[in-house]
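This report describes how parts of a model are arranged and packed against one another.

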Amino acid sequence: MLPITLLSVWKRKGEIQPRYAKPSSSNDETANILIEAYKTYIGEKKKALKSLVAELEDKGYEYRFVRALSLLLDRKSTFVCQCKVDPVDLRRNIFQATEQFSLPITSETRQKLLESVASKMALKVEDVEKYIYSDLDDELVLEKFLAPSDSELLAEYNLSLTQTLLFNATELSFTSSGNWQYLFHAIKKFGLIYEVYLDNGLWVKIDGPASLFKLTQRYGVGIAKLLPIIVSNSEWTVKAKVLWRFTNEICDFKLESQKHAALLKKPYLPILIYDSSIEEDFAAHFQAVTSGWVLKREPEPVTAGKQVIIPDFSLEKANIKIYLEIVGFWTEEYLLRKIEKLKQVEGKMLLLVNEALACEKLSALAKRPQLDLIYYRDKISLAPILRYLETQFEQVKSKEIKVLEGLPIKFTEPIVGFGEFAARIGVSTEAARAFIVVHPPSGYVVLADTLVSNKKLLQIGDRIRVAICQSGNLPLKEAVRIIEKEGVVDDSANVLVMLGYRIRWRGIDSEKAEVFKDSKNSGEKRFRWPLF
Amino acid sequence: MLRLWFDKGTLLLKGEAGTPYGKWDPRVGCYRIKAYHYRDVLEYLAESKLQVEDDVPMLPPLEQLKSNVELREYQNEALNNWCKACNRGVLVLPTAAGKTFIALKAIQQLKVQTLIVVPTLDLIDQWKKRVKDCLNVEAGAVGGGENTLRMVTVTTYDSAYIHAEQLGNKFRLIVFDEVHHLASTGYIQIAEMYTAPYRMGLTATYERSDQRHSLLSQLVGDPVYSIGVEELTGEHLSPFTYEKISVELTPQEQQIYESQMSIFRRFLQLRRITLRSAADFQKFVMTTGRDPKAREALLARNRAVKIAVNSEAKLTVLAQQLEAYRKEKILIFTLHNDLVYRISLRFLVPAITHQTPREERREILANFGSGKYPVVVTSQVLDEGVDVPDASIGLVLGGTGSNREYVQRLGRLLRKKEGKLARLIEIISKETMEVGTSRRRHQKIRGAA
């Protein structure tokens with residue numbers, strides 16, 4: 001962020017844009033001159049750098065641009081006071097000596113006074129004069145400088161420039177591909193108010209409490225601080241209203257990742273560390289068991305009216321998504337607000353509530369069909385949650401089976417995967433499998449995850465018979481390869497059994513296993529399906 | 001049942017009724033009300049026989065105040081007028097007339113949680129000391145690294161503005177010292193975002209050249225008492241004299257001054273620009289952002305001003321004056337910090353600018369007060385508020401054309417001490433624009449003081 005006096009913009013037909021320093025030979029050159037100067041000015045006073053900037057201005061470089069770059073470079077520099085003694089202490093000694101010497105109006109009394117202070121503080125007389133104000137900003141000496149590259153400096157300048165423009169913002173709307181947790185945390189921290197709306201994705205509009213009464217720039221600084229978090233995502237769009245005070249008009253400002261991302265510095269955001277070990281523990285335990293549910297931490301925001309909730313977790317399986325929120329410590333007011341908000345949420349929400357801290361008000365929650373509660377004490381136990389998830393899933397599954405039973409279903413392909421079939425109808429694979437097991441279609445055999453037509457099965461049988469005839473014996477590996485080549489990638493052992501073959505194992509190494517015909521029971525007779 | 005609470009510098013009202021002071025806020029589904037309407041809303045709801053659960057105030061605990069404040073006659077009159085105006089209003093009194101004591105007496109009489117808002121960190125120290133001396137309690141402070149809330153808390157305009165969301169509902173009386181600052185675009189929001197029903201404004205210079213002081217009536221109250229320097233001089237304020245000493249620029253300075261000023265004048269002629277008022281000048285400054293030629297002209301003018309204001313010749317006169325008033329306490333005022341440090345180095349006298357560390361400032365002011373340091377040189381930071389009772393000589397080496405600045409600087413010297421004659425001595429460069437600047441700052445002196 002820069003002082004407002006260094007803000008440089010262009011304005012046209014009610015639109016406002018910062019004058020970005022696009023990568024160009026002249027901009028790169030300006031950045032380079034300054035960076036190289038800072039490198040060589042180590043050991044020099046800050047005022048030397050300032051006069052360099054003034055010199056550049058005199059030469060015709062745009063003054064706001066060079067001053068802003070210099071300011072950004074100051075922030076990458078360490079300036080130190082080179083005085084051997086504490087300058088405040090040195091001054092105190094001098095001023096107190098005036099009592100003894102009276103006011104040093106003549107240069108002789110002045111010299112005498114300085115000499116006495118010098119000897120008292122074990123300094124040379126000229127050092128007393130040199131260091132008396134060595135702690136002033138201009139007098140500090142450049143000690144260290146972390147040089148950026150030319151393009152880094154320009155990108156940082158452009159980001160700072162945009163933030164400086166936003167100081168004058170009365171409101172801002174954005175949409176973003178992520179970092180929601182960060183963004184909403186920051187919105188709250190900076191005392192802003194948001195509303196969400198849907199317009200080709202989720203948009204968040206931001207202003208502050210007093211914005212209701214009049215246009216105010218009071219929240220501009222908070223709004224400007226959000227910008228780095230927004231642009232650190234891969235995709236975003238920002239729209240803002242900016243009050244241009246010189247003409248007192250409201251201008252539109254728009255920034256898009258496609259157009260502007262390359263210009264702006266993308267700040268590094270540290271990974272958010274969660275304070276709640278309960279959540280950590282829960283995530284670790286849940287992921288350790290195989291449940292078929294995919295656990296996602298802080299999924300995208302869920303809209304609740306004009307507000308959003310970012311649940312702690314989402315759990316996904318097949319077509320079902322359930323949000324999960326862990327309520328650890330709470331006050332009654334917090335909980336009531338939360339309930340109020342949750343009422344507006346679309347979709348399932350599971351609340352894990354610390355029983356030790358619960359009160360009867362929570363029973364009000366239970367009346368809401370969409371909202372479910374599981375209590376816990378010191379630690380969250382998985383069993384009730386998994387049971388809950390299974391119940392949810394079973395309910396959905398049986399509904400889907402009913403749907404399937406109402407549909408006229410006919411198969412024509414030789415091989416049909418359950419997943420592919422389920423996706424075609426729009427149900428879960430589990431429901432599709434359950435439906436097919438109960439209602440096996442005629443002309444097909446049912447494998448673990450696939451339907452195979454009898455015709456196809458016989459074709460595979462032919463291939464295997466030929467292979468055995470040709471080479472006398474058939475390694476299991478080879479048989480599997482033949483089956484897979486025919487398009488059946490699932491349950492090949494079962495296919496062999498159905499065709500009347502058996503597998504001879506030599507130890508546990510499948511490489512050595514062989515397929516052979518069970519001579520007692522001639523193959524085809526063991527076909528168990530109704531067709532034959 | 002209605003519920004009213006404080007939300008980040010505003011009030012929210014929830015329930016089955018609205019209020020004429022509020023506005024429906026669809027973002028949160030409540031009525032939102034400006035914080036300064038707190039008293040109005042409560043009165044309205046009471047008149048309408050509506051019960052409300054008032055969760056607004058979050059007040060620090062009350063403390064026992066012991067007062068030994070005895071008010072002078074005119075101070076009593078000022079306080080009475082303020083009380084009659086429902087504990088609201090602005091008191092206009094010259095510097096050194098004891099505005100602080102009126103405010104402290106009001107706190108002691110009302111016995112309510114009070115926030116005192118002051119322009120500078122030095123004034124926080126000064127008010128804290130006064131509260132301790134006169135009311136016998138420690139005052140809290142917000143700003144300058146401190147952050148303690150007490151029954152009586154002192155803060156700066158900056159901190160009061162920045163922390164309005166947190167502090168807005170914690171006081172019942174708010175005192176604005178140097179209240180003319182409050183009328184600026186940003187600070188005015190302090191008055192809007194605090195709930196305190198009782199409000200007092202203190203100033204020596206109520207009117208602003210931008211007329212924004214008219215905004216204060218609604219937010220703090222009308223001026224309820226006003227008295228001028230003349231009425232108090234002698235009995236309550238030190239008598240004072242004013243002198244002007246003109247110096248000639250050195251030949252070299254004269255040459256640079258002329259050449260730089262002519263660049264500026266030529267530009268104005270070329271563009272047919274006439275600068276009649278401060279507003280004209282402001283407009284001209286704005287064009288310099290876009291127009292490199294205008295900027296060149298402005299920079300030339302600034303260089304000329306610097307030469308005139310900081311002329312070497314002034315230092316010679318300064319030396320004579322310091323010699324002449326060796327026994328007195330002297331404050332030296334300049335326009336630029338450069339000159340402050342030049343004087344400090346030349347005469348080895350302590351300097352106070354915005355860069356002086358706070359601890360050192362405290363120490364310098366304490367030593368100036370006790371007489372250990374007879375001279376302090378400063379630019380504009382000491383213009384307001386800080387009291388040095390027996391400072392009697394003010395040497396003005398440079399300043400803006402602002403009448404307010406003049407009145408405030410003079411005010412540093414007017415605190416009454418038996419036998420004291422205050423002298424304000426201006427040292428200006430002959431035949432430069434400084435003559436005009438000096439004339440401007442005196443134009444309204446009688447009216448404003």
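## Domains of chain B

Chain B is divided into domain 1 (2-54), domain 2 (73-227), domain 3 (240-248 + 311-448) and domain 4 (251-309), with bounds that come from an automatic or database domain assignment. The model is a predicted one, in which local features need pLDDT of at least 70 and side-chain atom pairs count only at pLDDT 80 or more, while totals for chains, interfaces and linings use all residues. Residues are numbered from 1 along each chain as its sequence is written, and chains are lettered from A and ligands numbered from 1 in the order in which they are written.

The centres of domain 3 of chain B and domain 4 of chain B, taken over C-alpha atoms, are separated by 27 Å. Their contact draws 9 residues from domain 3 of chain B and 7 residues from domain 4 of chain B, where two residues are in contact if their C-beta atoms, placed from the backbone, lie within 7 Å. The side of domain 3 of chain B that touches domain 4 of chain B has 2 nonpolar, 5 polar and 2 charged residues; in these classes Ala, Val, Leu, Ile, Met, Phe, Trp, Tyr, Cys and Pro count as nonpolar, Asp, Glu, Lys and Arg as charged, and the others, Gly among them, as polar.

## The sheet of chain B

In chain B, 8 strands form an open sheet of mixed pairing, in the order β9-β8-β10-β7-β11-β12-β6-β13. Helices (H or I, at least four residues) and strands (E, at least two) are DSSP runs, numbered from the N terminus, and two strands pair if DSSP finds at least two bridges between them. The edge strands, each pairing on one side only, are β9 (146-148) and β13 (223-226) of chain B, and the twist from one strand to the next averages 20°. Strand β8 (residues 140-143) of chain B is joined to β9(B) by 3 bridges, and the two run antiparallel; B:Gly143 stands opposite B:Glu146 in β9(B).

Helix α2 (residues 73-84) of chain B packs on the sheet, where α2 touches β6 (88-92), β12 (198-203) and β13 of chain B, and its direction makes about 170° with that of β13(B). Helix α4 (residues 121-135) of chain B also packs on the sheet, touching β7 (114-118), β8, β10 (152-156) and β11 (173-177) of chain B, with a direction at about 165° to that of β10(B). Axes are lines fitted to C-alpha atoms, for helices over the stretch in contact, and angles run from 0 to 180 degrees between N-to-C directions.

## A helix pair in chain B

Helix α10 (residues 251-271) of chain B and helix α12 (residues 292-309) of chain B pack at an angle of about 150°, with their axes 8 Å apart. The helices α10(B) and α12(B) are therefore roughly antiparallel to each other, a term used for angles over 145 degrees. The contact of α10(B) with α12(B) has 12 nonpolar, 1 polar and 4 charged residues.

## Contact between the chains

The contact takes 24 residues from chain A and 28 residues from chain B. On the side of chain A that touches chain B, α4 (87-101), α5 (107-120) and β6 (193-198) of chain A each supply at least two residues, and α4(A) gives the most, with 5 residues. By class, that side of chain A has 16 nonpolar, 2 polar and 6 charged residues.

Note on methods
Angles under 35 degrees count as roughly parallel, over 145 as roughly antiparallel, 65 to 115 as roughly perpendicular and the rest as oblique.
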